[in-house]
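Work through the exercises below with the model in view. Each task is followed by its solution in steps.

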Amino acid sequence: MILDVQKISKTFPGNEVLREVSFHIEDHEKAALVGINGAGKSTLLKIIMNEMPADSGSVTLAKGTRIGYLAQHQDLTGNNTIFEELMTVKKDILALDAGMRESEHRMTELAGEELEAEMKRYAAMQEAFDRQNGYAYRSEVVGVLKGLGFSEEDFSKKVSTLSGGQKTRVALGTLLLTAPDIILLDEPTNHLDMGSIVWLETYLLNYRGAVLIVSHDRYFLNRVVTKVIEADRGSCRTYLGNYDEYSKKKEEIRHAEYLAYMKAEQERKHQEAVIAKLKQFNREKSIRRAESREKLLARMEMPDKPLPDNAVMSLRFSPRFESGKDVLTVENLGKSFGSVTLFRDMCFEIKKGEHVALIGNNGTGKSTLLKILNGVVPADQGSFTLGANVTIGYYDQEMHVLNMDKTIFDEISDDYPELTNTKIRTALAAFLFTGEDVLKYIRDLSGGERARVSLCKLMLSSANFIILDEPTNHLDIESREILETALNSYSGTLLYVSHDRYFINRTAGRILDLTHSQLLNYIGNYDYYLEKKETVENAYLAPAESASSQTGETDSKANWIAQKEEQARIRKRANDLARCEARIEALETENAGIDELFLDPDVASDPQKCIDLGSRKAEIEEELEGLYERWEELQEEHSRTPRRS
C-alpha cells in the first residue's frame, strides 16, 4: 500500500464536505476519484497534499514515497521558456553532464595517480549519468512536450506569456518527467486535445508509479483506471474496475439496497400489525405474545433508508417547428488569421435530423467554424446557406451569450420577455436555480452554473438546429449523462464540437474530422471513427498531400465529393445485400410451404394442383440459385468496405 486515507472529515461553514472518508491506493495502482461538482474531490486532494488541513482523520504515505500533484489551475511565472521549464527537472543530469565535460578537459592535463583518480571519478559520473537515462534526456523532454500538444515552435515561448491551459500542460509535463511514486491529477484532460489525451492515456498505462485521478472524462477513465472511488454527499465508496464497471456495479448495489430496505420495511409493518392485533384481543396470553414480538422488533436491525438521488437538472430540447430537409450547405469556406490558414475550400452538408460531431486537434479551427455559422466572425472566402425554416440555437463555450452584469433571472427574462415570472422561475428550477439563487449575478457563478444558465436559454429557444461548442466542459458526469439523454431524444438537427469521446460515442451518428485543413467524413460514432480513421486518411489525405506538393494547393472540395460518392456506394451495397437476404428468406419460406402442401392428401390427389406447385417450386429453385450467387458477390464486396456501426 502506497497511500492510506483514514476517516478524513472536512466542514466549511454550513457545508459538510467530507465525512470520515477512507480509502487506500496500492503500489502501481491507477484509481479514479469521481463525484458531482462540489462533492469534495479537489478538497480531498489538497488535504492529501497537506495544502489544506482536515478537521479529523489521517493521511499516511509509505516510507520514502515521493508524491506529485497537478492542480486544476497553474500560475507559472518567471523567464524560463517552455523547454527550459521542463529541463529544470533534469538538473541533476545536466550537472552530471557538465561535470563529465569538465573531467574530460582535466584528464588531458593530468598524468599518473592524479589521472587515475580523475578517471575513476569520471567513470562514477558516467555510471550515474547512464543510470538516469542521461543519453536520452533531451529526447524524453521533447517527446513529452510534443505528446502534450506543443510544437517545436512553442518550445521557446516564455511560460509567463502562456494561457492558463498552456501553463497547466507545462505543469503536467514537468510532473510526468519528475516521475514520483504516486501522482495526483485534478482534471488532467481539461486543456488537452484528443491526440494529447490519447498520448496521456498510453503514458499513464505504462507509468510504473501509482496514479489517483479526478476526472469527468469517462472514456479516459475507462482506458486508464482499475478502481473507482466515488465521493457522494460526504462519504465515499470504492468499486473495482473501470468507469463502466463502476457505473454498472453502483446501479446494482443501489437496487439491492433498495430491495433490502423495502423487504425490511415490509417485515416491520407486518410485525407492527400483528402486535396491534394481539393487543386488541386483550387477553393475557395475547398481550404476552405482543410484548415478546415488540422486543424482537426492537432488536431487529433495519438497513439504512437509501438516500434519494442527487438533485439533477431537467433538460429537454423540443423544436417549435420543423425545418426543411436541407439544414446547412457549406461551400468553399475558408478562414485564416494572419499567415495561419485554419481551413480552405471547406464543403459539407447537414440534413434534417442528423447529429454531427466536429472533431480535430486544438487550433484547427473548429470553434471558429461554429462562430462563422453563427455570424460571430466572418469567413474569408466561400459561403454557407441555411435551409428553409431553420432556426439556430447556439451554445458558446466562452459564454459570450451571457451578460456578466445581469442576474440569472434578468438574463432569461430579457431574452424571453413573453415568459411570466412564474414560468421563468419554473424553467430555472429545472436547472437547479431556486429561491434567491435566481438573483445571483452571472459574474459570480462557477463555470458549471454558467453552463446550466446557457443550457436553460438554449432549451427555451426551441430551435430546430442546435450548435454546441464544447458543451460538456463545465459539467460533471451526472449532468453530462442528462445532456446526452436530452440530445438523443431531440428530433431536430445537431452540430457540435467536443473532445469528450464518451459523449460523442453516445450522441453522434456522424463525425467530421477537421485535419490538415480538410474535413473527413465518417458515418458513425467515435468508435467507428477510430476503426476507420487510418483507412479514410490513407484514402483521402495521402492523395491530397501528394497533389499539394505538386500544385501547391489541395482540392478539398474534390475530396469531399469523392468521400460522399464512396459512402453512397457503400450504403447501396449494404442495402442491396439486405434486400437480397430478405428475398432469399421469403423464397425459402415459400419453398418449405410447398413441401408441406405436397404432404396434404387433398393436394396430392389433385393432379393440376401438383403440377402448379411443382412449376412454382422449380421457379423458386432457379431464382434461389441466382440469388445465392449474387449474395456471395455482395457479401464479398461488403466485407471489404466500411460498414456503419
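**Exercise 1.** Find how the side chains of Arg 218 and Glu 484 meet, and state whether each residue is buried or exposed.

Solution. Step 1: the two side chains form a salt bridge, with 2.5 Å from N to O; the term requires a side-chain nitrogen of Lys or Arg within 4 Å of a carboxyl oxygen of Asp or Glu. Step 2: Arg 218 lies in helix H8 (residues 218–224) and Glu 484 in helix H15 (residues 477–488), so the pair links distant parts of the chain, 266 residues apart. Helices here are DSSP runs (H or I) of at least four residues, numbered from the N terminus. Step 3: Arg 218 counts as buried because its relative accessibility is 0%, and Glu 484 is buried at 0% as well. Buried means under 20% relative accessible area, exposed over 50%, and partly exposed in between (1.4 Å probe, protein chains only).

The model is predicted: local features need pLDDT of at least 70, side-chain atom pairs count only at pLDDT 80 or more, and totals for chains, interfaces and linings use all residues. Residues are numbered from 1 along each chain as its sequence is written, and side-chain values use heavy atoms, without hydrogens and water.

Notes: Helix = DSSP H or I, 4+ residues; strand = E, 2+ residues; numbered from the N terminus.
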